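Here are a few exercises to work through with the model open beside you. Try each task before you read its solution.

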Amino acid sequence: DLLEWPNHHWSYSRLAQSFERWRAVSISYKQAWRDNSNRQWVNRTGFGLIDSFELTDARRAGTAEVVGEGRSWFRWNGYLFDSFRAGFLKKLDYEVYKGLGSQIAKRLYRYLDKQFYGPGRQKLDFDLRLLACEHLGLSRNYDAAQIKRRMQPAIEELERIGFLQKLSPAERFRKISWRQWRITVARKPEIEVIHLETSRVTKPNTKNTPPTLSQNAGQDVLHRLHQLTSHEQLRFEIEAVASSSAFFQEQYHNSKSLGGPFFEATRRKLLADHFTRLGR
C-alpha cells in the first residue's frame, strides 16, 4: 500500500525477490558505524539488514481472521534495530518522494536529502561517474555526455519542486580531465522566520569568541538592513549565511536557537560581509 503497487502476483513476487536479495547482503563497518547510544564510531562486521522474513499472499488467505493470523512480516537485524531505537534516523518527506516522476529523480532526492543534512553541507561537489553509477544506478558503460543527458531531467525536476538551486551548466558540471567530470549541487534555502531584533539576553558560550565588529559598525549594518522590505531582509540574510564560509555557517546555525550576544555578533558579521560582497 505504501508503495502504491497493485495487489496482484507480480507485486508479491517482486517483494519476495527484494527481500531475498537484502537478506543475502553482508555489511562490514570499520570504525564507521555510528553508535548513537554513546555517540561513538565503532566496528560492526558481517551482519545483514534483515534476519528473516515471510510473505503471505493476502488474496489467497481466505477469511479476515486468517488474513490477520497470516500477515507478512520481516525481522530487522539486531544491530540495525538497536540503532533505530537509539534515534539514529533521518526523516524523509515521503509525499515529495512519491510525487517525483522518474526513478533517477527519486534516487537523487533520497541520496541528496541525506547528504545535505547538517550546517555547512548545503552545497556539495561529487565525482560525476561515482554519483551516477554507484548511487543512482546508471550504466557504467555510459560516457560523461550520456550520464549528463540522463541526469538533467531529474535535476530539473528537483529544481522545479524547490529542492535544488538552479545552476548554469558551467556551474553544474566541470571537466577535470578527459575522463573525469565533477558535478555541483546546492540545496535551495528554506524560507524561515528570522527575528531581526531579539530582546532575549543569554549568557554567551565562553568557549567561543564572537566575531569582531564594532558597535557602530553593527548598528550601521542593522540600519542598512532595515531599509529593505521584510521579504528583502529575509532573503538577504539567507543569502548572507549561504555565502559565508562553512565555519561561520556552523557558528550561525548552532547559536541561533540560543540567541544572545554571540549569535548577534555572528549574524551582524555575516550581514556586513554580504553588504561588502555586493558592493553596497
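Predicted model: local features only at pLDDT ≥ 70, side-chain atom pairs only at ≥ 80, totals over all residues.

**Exercise 1: Backbone angles**

Residues are numbered from 1 along each chain as its sequence is written, and side-chain values use heavy atoms, with hydrogens and water left out.

Task: state the phi of Gln 31, then locate Glu 4 and its phi.

Solution. Start with the background: most residues other than glycine have a negative phi. Gln 31 has a positive phi near 50° and is not a glycine. Next, Glu 4, also not a glycine, has a positive phi of about 60°. Glu 4 sits in the segment before helix H1 (9–24). With a relative accessible area of 56%, Glu 4 is exposed (buried means under 20%, exposed over 50%, partly exposed in between; 1.4 Å probe, protein chains only).

**Exercise 2: A nonpolar patch**

Task: which residues make the nonpolar surface patch of about 370 Å²?

Solution. First, recall the rule: patch residues have over 30% relative accessible area and no salt bridge, with like charges joined within 9 Å and nonpolar side chains (Val, Leu, Ile, Met, Phe, Trp, Tyr) within 5 Å. Areas come from the Shrake-Rupley method with a 1.4 Å probe, and for residues only the protein chains shown count as cover. The members are Trp 73, Phe 74, Trp 76 and Phe 81. Strand E4 (residues 73–76) gives the most, with three residues. Phe 81 lies in helix H3 (residues 78–85) and is partly exposed because its relative accessibility is 38%.

**Exercise 3: Salt bridges**

Task: how many salt bridges does the structure hold, and which residue pairs with Asp 125?

Solution. A salt bridge is a side-chain nitrogen of Lys or Arg within 4 Å of a carboxyl oxygen of Asp or Glu. The structure holds 14 of them. Asp 125 meets Arg 182, at 2.6 Å from N to O. Asp 125 is in strand E5 (residues 123–127) and Arg 182 in strand E7 (residues 181–186), so this pair ties together parts 57 residues apart in sequence.

Now turn to Glu 264 and Arg 267, whose closest N and O atoms are 3.5 Å apart. Both are in helix H12 (residues 260–277), separated by about one helical turn. Glu 264 is buried at 11% relative accessible area, and Arg 267 is buried at 0%. Finally, salt bridges with shared partners join Glu 237, Glu 264, Arg 267 and Arg 268 into one network.

Note on methods. Helix = DSSP H or I, 4+ residues; strand = E, 2+ residues; numbered from the N terminus.
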